[in-house]
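Please keep the model open while reading.

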Amino acid sequence: MSNRIQRWIPSIEQLAILVKNNSEYEPIAHDVVITLLRIAVEEFRQAAANGSLMLPISSESEVQSWILNRFALKKQVLLRQSLKKAINATGVVLHTNLGRAPLSDRAKAQVTAVMEGYSTLEYDLQSGRRGERYSHVEKRLTELTGAEAALIVNNNAAAVMLVLAGIARGKEVVVSRGELVEIGGSFRIPDIIRQSGATLVEIGTTNKTHLQDFAAAITPATAAILKVHTSNFAMVGFTSHPSPQELCCLAKQHQLVSINDVGSGTLLPINIQGTAEPTVQECIDAGFDLVTFSGDKLLGAGQAGLIVGKKIYIDLLKKEPLLRALRIDKLSLAALEGTMIDYSTGRAGLLIPVRRMLHMSEDTLLKKAEALFAILKPLTVQGWKINVIKTRSLAGGGSLPGIEVSGFGVEVEPRGKSAGVVVDGLRAGIPPIICLVREDALIFDVRCLLPGDDALLCAALMKLANEETV
Ligand SMILES: *Cc1c(COP(=O)(O)O)cnc(C)c1O
């Protein structure tokens, strides 16, 4: 039986002709067609041999359709995007796994313009000669932060690495034990210092480090004092650390470079429920020689690492060979410049999505939740329960550690399906929708929903509600 079926398998050439003549298929390269057909044929052989064809096969043409169906599925997978738009219904504004900051309109337009053709990336229009990619944002950054000079790299991890390599390679860097943090799994301060070629000198204790501890650790081999923002955790209770001013003063006395990895790096003050993030301007005012921060956290641009500070040190970093390996690409740079212009207008709070989301008033959030509730109402016909609820969520992205922002959302309790099954269904949809689950209910926090997301969310839930449970 199985032998007869095997003999019905058409040749790869015959199958390729059938594929070529089928206008329903979007064209793909001939050698890719052959590879996929071979895999499909092999799968047919195996399924026939172990009796797992799933369909009764009693003719040559049925064999052919089995293989071509398999081919069509493989082709679909081949052309399907993996990195795609997703809907963030978690309420976490700077969700690292969901791509951190959505871009402002101006940043998007700037990225599109630069992406579609040639650009002035490293071309100086005045002289008609080679220019510097950093020049496009340096002036704006110095104006906005009060720093003398600025440099941009791939991300903040790269910024910290470059600064340490350029300033302290082969020398010592003094850091408080309370600030030897791990951020996001792969960024650990002790590892980055080692990678940069500098030597870590850890001082003080986890909860308390005194100015005297820093002073006592300084030797002729010391190059810098590093302060790190403990982005993703908060220490409470019996704690103390020298003030930024004291640290910078000590560094100056000993002719050391003072460095501050401030993590999120906000340009506008941000104060949520009494907790503030230090602004970059405050770090510069305190006297730090070099300050590094991320482009896609509270700043609200694309991935980037920003370094601002004293011109002599920035000039030194610009000569560092490592810079070439860490440099920022033109699309992220375009997003950053667009966002910087938003800051220059003085209307950043309105123009930049993450700023808008973080500062959305409870009133606005309640209205958003009520609007979502209204379009989800038809689900109640199926017996699903829907309620507007209060939510609490984190800012995320290593900012405002431990501070929960309160907001609003819609709680949906499915009927005839478990909440887990519905969550899986939403994740598998296009676009995937990411939400929270609490016991038997799904929670859609409205803070991070963008225009159009409500309708997509509603359509996805309706589809799942109307689907037969299997
Ligand atoms: C987030 C963060 C980093 C890493 O920044 P990326 O831009 O993600 O590379 C480094 N240091 C601190 C303190 C941070 O919060």
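Against which elements do the buried residues of α8 pack? They pack against α7, β5 (172-176), β7 (187-188), β8 (199-203), β9 (222-228) and β10, where contact means heavy atoms within 4.5 Å. Helices (H or I, at least four residues) and strands (E, at least two) are DSSP runs, numbered from the N terminus. This is a predicted model, in which local features need pLDDT of at least 70 and side-chain atom pairs count only at pLDDT 80 or more, while totals for chains, interfaces and linings use all residues. Residues are numbered from 1 along each chain as its sequence is written, and side-chain values use heavy atoms, with hydrogens and water left out.

In helix α8 (residues 189-196), the buried residues are I189, I192, I193 and S196 (buried means under 20% relative accessible area, exposed over 50%, partly exposed in between, with a 1.4 Å probe and protein chains only). Because they cover an arc of only 100 degrees around the axis, they lie on the same side of α8, the arc being that of the directions from the helix axis to the C-beta atoms. R194 and Q195, on the other side of α8, are exposed.

| Residue | Protein atom | Distance |
|---|---|---|
| R100 | side-chain N or O | 2.9 Å |
| N156 | polar backbone atom | 3.0 Å |
| A157 | polar backbone atom | 2.9 Å |

A polar contact is a pair of N or O atoms within 3.5 Å; within protein, one must be able to donate a hydrogen and the other to accept it, and residues adjacent in sequence count only if both atoms are side-chain atoms.
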